[in-house]
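Open the model in your viewer and keep the sequence panel beside it. We will go stop by stop, selecting as we go.

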Amino acid sequence: MEQQFNHPQRQSSIGVLVMFFDTLQQWARGLWPIMVVYAFRFNELNKVYFFLGISVFLLLIALVAYLKYLNFTFYLENENEEFIINEGILNKTKTIIQLDKIQQVDINQSLIQRLIGVYELNVDTAGSAKKEGKIKAISHPLALALKTRLLINDRKKRDAVVNEEFLQEEIIDEKPFIKISFLSLLKVGITSNYVKTLGLILAFLATIYENGKNFLPEEGFNEEEIGNYIDQSAVISSIVLVFFLMLILILVINLIRVVFKYFNYQLTKQNGSLLLSFGLLSTKSTIVKPEKVQIVTLSRNYFQKKMNILEIKIKQASSSDKENNKSIIEIPGCDDKEKEAIFKLLFHSIPEKGVVLKPNYRKLVFSIFLFIVLPLVGFYVIAHYIKPEFLEYVYVLPLYLLFVGLIVYFGYKNNRLYIHDDFIIKQSGAWDIDNKIIEPGKIQAITTSQLFWHKKADIGSLIIHTAGGDVAFQLGNFTSIKQYVNLWLYRIETANNNWM
């Protein structure tokens, strides 16, 4: 089994269909404006030439897909400990990945790949903002074997993998020790991502509205008549109705998204690591190695606390914050016992909060000024000097003050930095309370800052930099912050952690 990776080999032969659909999708994205034009002018087209053109187009894509399949090879170079991928049609590309730099290997399966019966394997390191290696069509046993081979970082252990029996022991999956139930996914769907889903809905409605105005005749759109109709209607009843319709729409969208994305979520222990697999139409299988984990975020709101569920987000090393946000590993719908089991595997113990640092009251004052005082002043300035009709909506201000005031207050109340000998925990959030957990030995750098007018009050800010992102704490006691920073820097210099 080991020897099959030492020589260049192609993907599964049926994978040429995956190449075909992938190429078709890429070309369709680039040519969609032309396709829309032809769709609207379909009745004016010569049908013979139209279908002949489509046939030639599909044949061209089939030829490109076959050449992609033919020129794509991958193999392992044992002498230099490298994974090599050759690809390209006219421009040949050779990708060389050092085995000890590999951070993560994912095995995914889209709907097309599931119908064809192949899998996609992605290789990721911390040195690029994209996946360094992608193999789009290999069998599941071969994908498991290759993933296991790529993730054996210890050279001595790699040298020991010389027979099929040892490798088979590496790739055999144990039974899942955690399964996220369908009921837990339903709970997550109705208790999370309200703001994000609302933003997507509003953006979609705004796009429909703007494009709709372009197609509607101007003479049929009388803003004054619509304004008079609204004035004569029950405004409060309309607002309440829209609110409930929007709430129902948000819940439905959240439920569909969560179920499709996280269906049949399973966690399995495999060689000291955490193997995650999930997905309804498009399945994903990824492995999390404890030594590679940078930041673990535990998120929970009031409703989730009452339902005994929470969400865990895992960040590993990444080359940029943008790429890191895309590659966050989420574990939804865990209960407290499942959370403890995951933490014991990732940290070998349950994180404790320890000493607490609280922000100075000036942080609350600044938030009130930024989110309440400035918007109110701006509203009255615009209402008195630019748009007097804004004063008709002054009744909305008490609701704004109540809503934003509660967010600012609870955001300040929940802003804490907990420091333990083995863990640093940053707590934040007004509704969704996040606890970001960092091990001091995985800190890359630390930034402290203090404005000159804060020196007398002895307050300052702290930013902890890791390979998985930054964690900031503002306006805390600066003397305490400097003492802990010196301690963390000492531990970083004396530690010998393998987190890359």
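Is Arg300 buried or exposed, and what is its relative accessible area? Select Arg300 and show the surface around it. Arg300 is buried, with a relative accessible area of 17%. The cut-off for buried is under 20%, so Arg300 qualifies. Keep in mind throughout that this is a predicted model.

**Stop 1: the partner of Arg300**

The side chains of Arg300 and Asp336 form a salt bridge, 3.1 Å from N to O. Arg300 belongs to strand 11, while Asp336 sits in helix 13 (residues 336-347), so the pair ties together parts that are 36 residues apart in sequence. Asp336 is partly exposed, at 30% relative accessibility. Side chains of opposite charge can pair when their charged atoms come close.

**Stop 2**

Select residues 293-300 and 433-438. These are strand 11 and strand 17, paired in the antiparallel sense over 5 bridges. Which residue of strand 17 stands opposite Ser299? Asp434 does. In a regular strand, side chains alternate between the two faces of the sheet.

**Stop 2: a helix on the sheet**

**Stop 3: other salt bridges**

A search of the whole structure finds 4 salt bridges. You have visited the one between Arg300 and Asp336. Lys289 is buried, with a relative accessible area of 9%. Glu291 is partly exposed, with 29% relative accessible area.

Then go to Lys442 and Glu439. They form a salt bridge too, with the closest N and O atoms 3.0 Å apart. Are these two residues buried or exposed? Both Lys442 and Glu439 are buried.

**Stop 5**

Select residues 266-270, which make up strand 8. Of its 5 residues, 4 are buried, so strand 8 is largely enclosed by the rest of the structure.

Strands 7 and 8 run antiparallel and are joined by 2 bridges. Click Lys179: its bridge partner in strand 8 is Gln266.

How many bridges join strand 8 to strand 9? There are 5, and the two strands run antiparallel. Gln270 has Ser273 as its bridge partner in strand 9. Strand 8 and strand 9 form a hairpin with 2 residues between them. Zoom in on Asn271 in the turn, which has a positive phi of about 55°.

**Stop 4: a covered helix**

Finish with residues 140-150, helix 4. This helix is mostly covered, with 9 of its 11 residues buried.

Methods
Residues numbered from 1 in each chain as written. Predicted model: local features only at pLDDT ≥ 70, side-chain atom pairs only at ≥ 80, totals over all residues. Heavy atoms only, no water. Pairing = 2+ DSSP bridges. Buried < 20%, exposed > 50% of the residue type's maximum accessible area, 1.4 Å probe, protein only.
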